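Open the model in your viewer and keep the selection tool ready. This tour moves from one selection to the next.

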Amino acid sequence: MPENEVERRIKKLRAKLQYHARRYYVEDNPEISDYEYDRMYAELKALEEEHPEFFDPASPTQRVGGKPLDKFEKVTHHVRMDSLADVFSFEELEEFLTRVAGIIPDAVYSVEPKIDGLSVSLRYENGVFVQGATRGDGQVGEDVTQNLRTVFSIPLSLPQPLSLTVRGEVYLPRRGFERLNLAREKAGQPLFANPRNAAAGSLRQLDPQIAAERGLDIFVFNFQEGALYADGRTPLTHTETLDRLGELGFHVLENRIATGDKAGIFAHIRTLGELRESLSYDIDGVVVKLDRLADRARMGEATNTPRWAVAYKFPPEQKQTRLEDIVVAVGRTGVLTPTAVLSPVRLAGTTVSRATLHNLEFIRERDIHIGDIVTVQKAGDIIPEVVKAHPELRSAAVREFHMPELCPSCGEPIVYDADEGAAARCTNSRCPAQLSRRIEHFASKDAMNIDGLGPQIVEALLRNGLIADAADLYSLRAEEIQEMERMGEKSAANLISAIECSKSAGLERLIYALGIRNVGEVAAAALAQHFGSLGACMHATAEELCTLPDFGEITADCVVNFFSHPQNRELCERLTAAGLLTEPVNRPQADFLAGLTFVLTGTLPTMSRDEASERIRAAGGKTAGSVSSRTSFVVAGEAAGSKLTKANQLGIPVIDEEELLRMLNGQTAE
């Protein structure tokens with residue numbers, strides 16, 4: 001084929017593939033079969049390989065072509081990507097509308113669904129997609145261009161040579177989320193809690209091939225800057241910008257209206273709430289924003305949020321289902337926890353069949369019976385919980401629940417712990433269930449971080465007699481592990497490598513990994529920094545421990561009691577002999593943050609939360625897992641959740657990563 005004909009054929013195939021990709025991924029109205037599309041794609045790929053002189057980065061074949069990255073580079077947004085102020089009731093929304101009406105009496109609003117995903121910016125130069133970035137802290141995000149190129153609803157080129165930046169929300173469709181979790185379950189991997197978490201994890205994969213396999217999608221919801229028309233015409237309304245972006249090939253928001261009528265706004269919110277379950281993607285609220293762009297300029301911006309828009313957040317999704325049974329699980333400290341076995345119900349992105357009932361007191365207070373119809377929800381859209389029972393729907397077949405008198409795992413008598421209210425506890429330190437949970441905790445991410453050592457592997461190791469406690473992990477041999485079911489040579493080698501790497505985790509993580517009652521990550525770090533070695537911790541007195549910040553008599557007694565048991569002392573000695581680092585790895589290098597307590601929430605633009613916590617502690621500060629009146633600062637990143645809400649309610653200062661970095665360098669928080 002002559003060269004000019006090859007070039008024409010390549011251009012024709014690219015145009016046809018781009019057209020059909022839009023019909024399939026954006027308009028959901030395909031004209032050809034997958035087989036026909038795949039044949040054209042294969043022909044184009046072959047021609048491009050034979051004729052590299054016709055390479056085009058916007059070709060459909062270049063969606064997945066990048067090599068794995070070592071890290072994501074920083075991107076400074078030209079237009080700050082602010083978050084929205086949240087409202088949780090029509091009364092709060094009405095207050096917002098009243099404030100706006102005081103300045104703009106004839107205001108018109110765009111009312112549109114709030115997609116539950118990860119916010120990104122897409123930048124085009126001369127009609128070609130050149131960069132995509134996460135929101136980050138609003139000012140600085142991460143370059144995830146390679147991963148965004150794998151999203152088929154993002155056009156790699158525009159029909160006109162326009163230079164512009166748009167903002168969108170990357171999400172994982174419900175069907176794709178279910179497929180992903182099913183595959184992870186078969187592989188013995190932990191499941192994603194909801195589609196939003198799965199989308200965020202997929203978009204931040206360093207290997208674009210993995211991101212491509214996840215099936216991400218996007219809705220574009222805002223025009224940030226640049227030119228929408230070749231003649232330089234300026235749009236007047238947000239609705240016009242979205243209509244124009246749709247013409248240019250973007251997947252724009254659906255189910256939106258423009259109205260100046262308050263009753264119409266409320267009615268559309270109710271409509272979207274009713275549609276919520278039938279959509280193929282998750283929404284967690286409704287955005288109400290001024291439609292005329294000139295009106296937005298008049299309202300202006302607050303420090304971190306625009307004054308011209310709010311996000312009405314739906315209350316947690318609740319469903320009714322039947323409580324089929326109550327089973328009792330034994331935790332690593334021997335506490336018996338009743339768990340509701342439910343008729344499966346879809347809730348906040350996943351199918352829920354179990355929910356914690358905490359303790360017997362919780363069950364009695366809510367008058368919960370086996371066989372009841374109950375209302376369930378997900379706390380923070382993650383943890384299933386029983387909200388209430390419905391006695392009015394109760395049948396004669398229901399029965400009252402009673403805690404067992406003997407441990408369901410080892411058969412030993414249980415006792416009720418006076419220090420923990422209604423907690424029932426098995427005091428047998430050799431209880432199999434406790435042993436399994438203790439080893440799982442020892443290997444967990446925040447403890448020794450032994451990748452690949454999940455509950456199923458732990459139970460298999462115990463069942464095969466390869467381990468009897470955490471110290472035995474360090475004498476495992478690969479040839480022993482690979483003999484177990486579903487474990488091959490490579491898996492065994494990877495697990496041995498992860499166990500070996502955990503030896504350098506440091507004293508802070510080791511103390512936390514031991515699972516001492518009432519000793520969390522913060523208390524473990526305080527012990528490590530004060531005593532400096534595992535041996536010194538083992539010999540600490542209650543009086544010494546009570547001098548540490550945030551240590552009370554109960555925590556001090558728990559530490560002393562743990563190290564007083566011969567089997568625990570022997571465990572520590574064997575871990576030391578195995579070569580584990582028993583000294584701190586995070587001794588404070590400065591005291592810039594002395595006396596300050598930080599809570600981290602959301603995804604930070606350049607650091608993981610673990611890295612940020614380590615740097616805070618190295619500067620003399622402390623980190624905590626929950627927000628309270630004693631919290632000094634909340635560090636909020638992308639997709640910050642309930643911790644940010646509580647901080648705002650308590651008036652706790654909220655900072656971003658950039659401000660945290662200034663504080664870590666000894667500068668005063670702004």
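The stops below cover a helix pair and then some aromatic rings.

This is a predicted model: local features need pLDDT of at least 70, side-chain atom pairs count only at pLDDT 80 or more, and totals for chains, interfaces and linings use all residues. Residues are numbered from 1 along each chain as its sequence is written, and side-chain values use heavy atoms, with hydrogens and water left out.

**Helix pair.** Select residues 432-443, helix α12, and residues 455-463, helix α13. Their axes are 10 Å apart, at an angle of about 130°. The two helices are therefore oblique to each other (under 35 degrees is roughly parallel, over 145 roughly antiparallel, 65 to 115 roughly perpendicular, the rest oblique). Now show the contact residues (heavy atoms within 4.5 Å). On α12, pick L435, S436, R437, I439 and E440; on α13, pick P455, V458, E459 and L462.

**Aromatic pairs.** The whole structure holds twelve (ring centres within 6.5 Å; planes under 30 degrees apart are stacked, over 60 edge-to-face, the rest tilted). Select F219 and Y281. They sit edge-to-face, 5.0 Å centre to centre, with 65° between the planes. F219 is in strand β8, while Y281 is in the loop between α9 and β10, 62 residues apart. Both F219 and Y281 are buried (under 20% relative accessible area; exposed is over 50%, partly exposed in between, with a 1.4 Å probe and protein chains only).

Next, select F442 and Y474. This pair is also edge-to-face: 6.4 Å centre to centre, 75° between the planes. F442 lies in helix α12 and Y474 in the loop between α13 and α14, so the pair ties together parts 32 residues apart in sequence. F442 counts as buried at 2% relative accessibility, and Y474 at 14%.

**Last stop.** Select F90, F266, Y312 and F314, a cluster linked by ring pairs.

Note on methods:
Axes fitted to C-alpha atoms, helices over the stretch in contact; angles between N-to-C directions. Helix = DSSP H or I, 4+ residues; strand = E, 2+ residues; numbered from the N terminus. Phe/Tyr/Trp six-rings, centres within 6.5 Å; stacked < 30°, edge-to-face > 60°.
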